[in-house]
Amino acid sequence: MSQPRSRREFIVAGLSLPVAAEAALESPRVNPLADAPAAPGAPVIRTRTLGRTGLEVSEVGFGCMITSDASVITRAADLGISYFDTARVYQNGNNERLVGAALKGHRKNIVLSTKAKGGTGEEALAELDKSLTELGTDHVEIWYLHGKSSADAITDDLREAQEKAREQGKIRFAGVSTHSGHEEVVAAAIEKKLDVVLMTYNFTMGDRMEPLLASLREAGLGVVAMKTQAGGRSDEAKARHERLTANGGMLAALKWALRTPNVNTTVPSITDMAMLDENIQAMAAPFTPADEALLTARLETIRPNYCSMCGECEGTCPKGLPVADVLRYLTYAEGYGQFALGRDNFLALPRELQDVRCVDCTSCPVRCPHGVQVTRRLRRAQELFA
Ligand code: SF4
Ligand code: SF4
């Protein structure tokens, strides 16, 4: 059985980039999509190329999933953030309307992505038409197959739908997003010639994702990192988030995700101006030993609670509970402060899985090699959502 790695091992790996990789990150590039030179005092906006798409995107993008204030999205675009990510299902179908309205007037300067959950090509294409209407645009730069966790889920039918949408000019590039099953999904994305992968990536993973990220870069795919702050707003309470923000822990986490050139951009969830101002600073300064110290301390605190959805659980639930998914729903509620989002996802599980109660088990074969207290957290999810 593999052992939990020391807290220092997790973080230190992030500081040891190859020389060539460090060189690739040396020079800030002003956002080439911006119309005018940056005003004095304007934030530094560094850009990277999103793999073979050739799209130039700000290193810090904007995850719109839980944003309710359109003015925060507009201000991000005003400041030079150039990558915005949404999905058809976010906020029960309302998020795309908000994003479209917020970015009106910025469309030609930004890269916009959305996602479809549909299991068939026909369903996905119908979602895309609705997305374009809601976003108020005739195309998106990237259209993701949403939340795929296995190679089989990236069907030929869905890939054909993406290519059809591309031929029709409704999308420029095809992508897949994945929360878990990274290895399998990445291999399938390369084999099936997708352009971009949107995947979970944060400091709790240490260096174990680097080979996968490197394989994507080598194959020419763009990489967008999500869940970069490992639990978002807080670990278990808003008060904790305020402390993290005050001491720079959230910023340090974002800088950690950007320390590798194998990540092209990030989509932290941003809900207010303070978070925007904080996140944007990640493009101005490198990851430092002080950041490392902050993350080392934070990792120790969140280790029993935070599931990175790495898919490396030892053992499986005989009742079929999708452990990493349920733990992700709990993170939405407790980490992001989005109870409804967590519960909506839980209630979308088949009825028999909603009815499973971990408290009824005398033993559990599922173990987390990274220190998550799996059964305790599942019981908490069931208390909250079921
Ligand atoms: S419980 Fe642990 S091993 Fe399982 S997906 Fe979460 S972090 Fe990975
Ligand atoms: S405790 Fe929960 S995850 Fe473990 S075997 Fe029982 S139902 Fe499955």
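**Ligand shells.** The classes count Ala, Val, Leu, Ile, Met, Phe, Trp, Tyr, Cys and Pro as nonpolar, Asp, Glu, Lys and Arg as charged, and the others, Gly among them, as polar. The model is predicted, with pLDDT of at least 70 required for local features and 80 or more for side-chain atom pairs, while totals for chains, interfaces and linings use all residues. Residues are numbered from 1 along each chain as its sequence is written, ligands are numbered from 1 in the order in which they are written, and side-chain values use heavy atoms, without hydrogens and water.

I listed the residues around ligand 1 (a heavy atom within 4 Å); among them are Cys-307, Cys-310, Cys-313 and Cys-368. Around ligand 2 I noted residues including Cys-317, Cys-358, Cys-361 and Cys-364. The ligand 2 shell holds 8 nonpolar, 1 polar and 1 charged residues.

**Sheet.** I traced an open sheet of 8 strands in the order β3-β4-β5-β6-β7-β8-β9-β10, with parallel pairing. β3 (62–63) and β10 (265–266) stand at the edges with a single partner strand each, so one side of each lacks a neighbour in the sheet. Strands are DSSP runs of E of at least two residues, helices runs of H or I of at least four, numbered from the N terminus; two strands pair if DSSP finds at least two bridges between them. I found 5 bridges between β6 (residues 140–145) and β7 (residues 171–178). Tyr-144 has Gly-175 in β7 as its bridge partner.
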